[in-house]
Amino acid sequence: MLRKENQTLNNFNGTLLWKDLPILDFCIERGKVLKWEMHPENEDYYPIEFTYNATVYGLQDFIDCRIVPITRQNLQRVLKDLGLKEYSWDGIIRANYRLCTDDCYWFRQDGSKLKYDDIKIRD
């Protein structure tokens with residue numbers, strides 16, 4: 001499937017974590033991967049998408065399953081609640097760390113000191 005620019009991760013520098021365990025440190029600028037460092041010591045916590053495709057495409061698949069779709073009813077209200085003027089994966093991930101109630105994966109931007117307990121949705 002071809003994704004539109006606002007439906008891909010184009011500009012993000014940070015870490016994918018499971019709780020506070022780092023899974024992947026990466027930097028994507030203008031759609032190009034500048035840094036991609038997996039944490040093999042935490043391989044048991046890799047998302048299922050990484051077991052068959054630990055590439056930027058696997059990361060895009062992982063996000064695609066977790067992010068509010070562009071076709072969502074009341075999307076403008078959701079974006080407003082997140083403080084966003086337009087739909088973009090980059091903005092949504094920055095606004096809510098791409099948390100999900102079903103698991104403990106989230107994204108932290110480089111330079112942030114946040115811990116999972118600071119942002120978790122529930123115990």
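This is a predicted model: local features need pLDDT of at least 70, side-chain atom pairs count only at pLDDT 80 or more; totals for chains, interfaces and linings use all residues.

A: We may begin with the strands.

Q: Over how many bridges do β2 and β3 pair?

A: These two strands pair in the antiparallel sense over six bridges. Within this region, Trp36 of β3 is the bridge partner of Phe26.

Q: Which residues of helix α2 are buried, and what do they pack against?

A: In general, an α-helix has 3.6 residues a turn, so residues three or four places apart point the same way. Helix α2 covers residues 56–64, and its buried residues are Val56, Gly58, Leu59, Gln60, Phe62 and Ile63. The buried residues of α2 pack against the strands β1, β2, β3 and β4, and also against the helices α1 and α4.

Q: Which residues have the most contacts inside the largest nonpolar core?

A: The general idea is that nonpolar side chains tend to be buried together in soluble globular proteins. In this model the largest nonpolar core has 23 residues, and those with the most contacts inside it are Leu9, Leu16, Phe26, Leu59, Ile63, Tyr87 and Phe107. At least two residues of this core come from each of β1, β2, α2, α3, α4 and β4. There is also a second, separate core of six residues, including Leu17, Cys104, Trp106 and Ile119.

Q: What does Phe26 touch beyond its neighbours within four places in sequence?

A: Its contacts include Leu9, Leu16, Trp36, Leu59 and Phe107.

Q: How many aromatic pairs are there, and how are the rings of Phe26 and Phe107 arranged?

A: One considers both the distance between ring centres and the angle between ring planes. The count comes to nine aromatic pairs. For Phe26 and Phe107, the centres are 6.1 Å apart and the planes stand at 85 degrees, so this pair is edge-to-face. Phe26 belongs to strand β2 and Phe107 to strand β4, so the pair ties together parts that are 81 residues apart in sequence. Both Phe26 and Phe107 are buried.

Phe107 also forms a tilted pair with Phe62, at 6.4 Å centre to centre and 55 degrees between the planes. This second pair links helix α2 with strand β4, across 45 residues. Phe62 is buried too. One aromatic cluster is formed by Phe12, Phe26, Trp36, Tyr46, Phe50, Phe62, Tyr105 and Phe107.

Q: Is His39 buried or exposed, and what does its side chain contact?

A: To judge burial, one looks at the relative accessible area. His39, in the loop between β3 and α1, has a value of 15%; because buried means under 20%, His39 is buried. Its side chain makes a polar contact with the side chain of Asp25 at 2.7 Å.

Q: Where does Asn42 lie, and which backbone oxygen does its side chain reach?

A: Asn42 is found in the loop between β3 and α1, and it is buried, with a relative accessible area of 8%. Its side chain reaches the backbone oxygen of Pro22 at 2.8 Å. Leaving aside neighbours within four places in sequence, Asn42 is in contact with Leu21, Pro22 and Ile23.

Notes: Residues are numbered from 1 along each chain as its sequence is written. Side-chain values use heavy atoms; hydrogens and water are left out. Buried means under 20% relative accessible area, exposed over 50%, partly exposed in between (1.4 Å probe, protein chains only). Helices (H or I, at least four residues) and strands (E, at least two) are DSSP runs, numbered from the N terminus. Contact means heavy atoms within 4.5 Å. A nonpolar core is a set of buried Ala, Val, Leu, Ile, Met, Phe, Trp, Tyr and Cys residues joined through side-chain atoms within 4.5 Å. Rings of Phe, Tyr and Trp (its six-membered ring) pair if their centres lie within 6.5 Å; planes under 30 degrees apart count as stacked, over 60 as edge-to-face and the rest as tilted. Two strands pair if DSSP finds at least two bridges between them. A polar contact is a pair of N or O atoms within 3.5 Å; within protein, one must be able to donate a hydrogen and the other to accept it, and residues adjacent in sequence count only if both atoms are side-chain atoms.
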